[in-house]
Amino acid sequence: MRIFSGIQPTGRKHLGNYLGAIVQWVAGQDRGDAIYCLVDLHAITVPYEAAALREAVYDTAATLLAAGLDSERCIFFRQGDVQEHSELCWLLSSVTAYGELTRMTQFKDKAGSQRELVSAGLFFYPVLQAADVLAYRANEVPVGEDQRQHVELMRDVAERFNFRFGETLVVPEVRVPEVGARIMDLQAPDRKMSTTGGTPQGTVYVTDEPEAIVKKFRSAVTDSGAEVLRGPEKAGITNLIDILAAVRGSTPEEVEASWGGSGYGAFKQAVGDAVVEYLSPVRSRYHELRSDEGELERILTAGADKARAIASDTMVDVREAMGVGPVRQRQ
């Protein structure tokens with residue numbers, strides 16, 4: 001089985017990224033042939049600074065490697081180093097419906113926050129995302145819950161391509177973790193934790209110092225009750241229960257059973273302490289890796305060479321099926 005997933009190198013990675021995606025990436029190395037990508041081409045669809053983007057690529061690479069990615073056990077690379085992604089994106093546009101793109105929830109959300117320019121790249125984002133996966137004929141895409149709609153689109157695109165041009169692309173399956181798939185902002189539990197759209201005190205970063213993490217959990221918004229139980233009117237406490245279950249490797253039901261009516265203050269402290277312990281080894285390893293940009297660049301470049309070999313093979317078949325360009329021999 002081949003697994004593919006990508007992550008944007010925008011800002012510091014937070015607890016939602018970690019529990020919703022990064023943990024799955026690490027586990028995927030033991031379940032199949034894993035291919036992981038820092039999607040810098042996606043990052044340029046919204047306003048950004050070039051120098052900051054380069055720094056963010058190294059920040060994210062160091063975070064992922066600190067979390068347990070092993071460049072000897074997976075293919076780990078930077079999207080912009082493999083041109084086949086961009087080429088396949090354009091070719092797939094011929095089998096992607098305009099109406100499908102207008103219905104994408106993330107486009108609507110991100111477009112609404114842009115004050116000066118809503119780029120065509122932002123609108124086309126799901127097509128490039130489809131190309132990212134389909135270029136490697138991946139069987140599985142581990143993502144957070146918020147990306148499920150995008151995987152459904154890439155499945156539709158692959159099926160439409162195969163129907164029109166013959167069986168060429170693999171239709172991937174989505175994999176969303178049962179616990180920790182959607183971590184919410186601690187100060188605004190009605191929306192997911194986010195680097196760009198979240199609150200400063202409601203966003204817990206992987207590299208936050210222990211004191212900062214505990215402080216954020218202590219001030220987490222809950223409700224007027226006292227019982228540590230999930231419920232439709234208890235978004236804040238539900239979020240904390242899900243977080244503790246995820247870092248403990250247990251279930252929300254087990255967390256509820258172990259706490260009963262202990263009160264919110266002690267519970268918030270316990271969640272903060274558990275998250276500090278959970279992230280401590282990752283934070284330490286991150287600082288070691290981040291200080292050596294030359295080694296990070298070496299790892300990404302080597303990964304891109306491996307990725308390109310697979311993607312270029314797919315492109316030979318796609319071009320031949322579509323009748324684009326001359327008949328080419330495989331390299």
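Colleague: Is glycine 197 buried, partly exposed or exposed?

Modeller: Let's begin with the terms: buried means under 20% relative accessible area, exposed over 50%, and partly exposed in between, with a 1.4 Å probe and protein chains only. Glycine 197 has a relative accessible area of 41%, so this residue is partly exposed. A word on the source: this is a predicted model, where local features need pLDDT of at least 70 and side-chain atom pairs count only at pLDDT 80 or more, while totals for chains, interfaces and linings use all residues. Residues are numbered from 1 along each chain as its sequence is written, and side-chain values use heavy atoms, leaving out hydrogens and water.

Colleague: Where is glycine 197 found?

Modeller: Helices (H or I, at least four residues) and strands (E, at least two) are DSSP runs, numbered from the N terminus. Glycine 197 is in the loop between β5 (173-175) and α9 (210-218). Its C-alpha atom is 9.4 Å from that of lysine 110, although the two are 87 residues apart along the chain.

Colleague: How many helices and strands does the protein have?

Modeller: There are 13 helices and 5 strands. One of the strands is β1 (residues 2-7), and arginine 2 has its place there.

Colleague: Which residues is arginine 2 in contact with, leaving aside its neighbours within four places in sequence?

Modeller: Contact means heavy atoms within 4.5 Å. For arginine 2, the contacts beyond those neighbours include Asp33, Ile35, Tyr136 and Ile310. Arginine 2 is partly exposed, at 25% relative accessible area. Between the C-alpha atoms of arginine 2 and proline 172 there are 9.5 Å in space, against 170 residues in sequence. Across the protein, 74% of contacts between residues at least 6 apart in sequence join residues at least 24 apart.

Colleague: How many disulfides does a search of the whole structure find?

Modeller: A disulfide is a pair of cysteine sulfur atoms within 2.5 Å. The search finds 0. Cysteine 37 is in no disulfide, and the nearest cysteine sulfur, that of cysteine 74, is 12 Å away. Cysteine 37 has 0% relative accessibility and so counts as buried. Cysteine 74 also counts as buried, because its relative accessibility is 5%.

Colleague: What radius of gyration does the protein have?

Modeller: The radius of gyration is taken over C-alpha atoms, and the globule rule is 2.2 Å times the number of residues to the power 0.38. With 331 residues, a compact globule would come near 20 Å, and the protein agrees with its 21 Å. Of those 331 residues, 53% count as buried.
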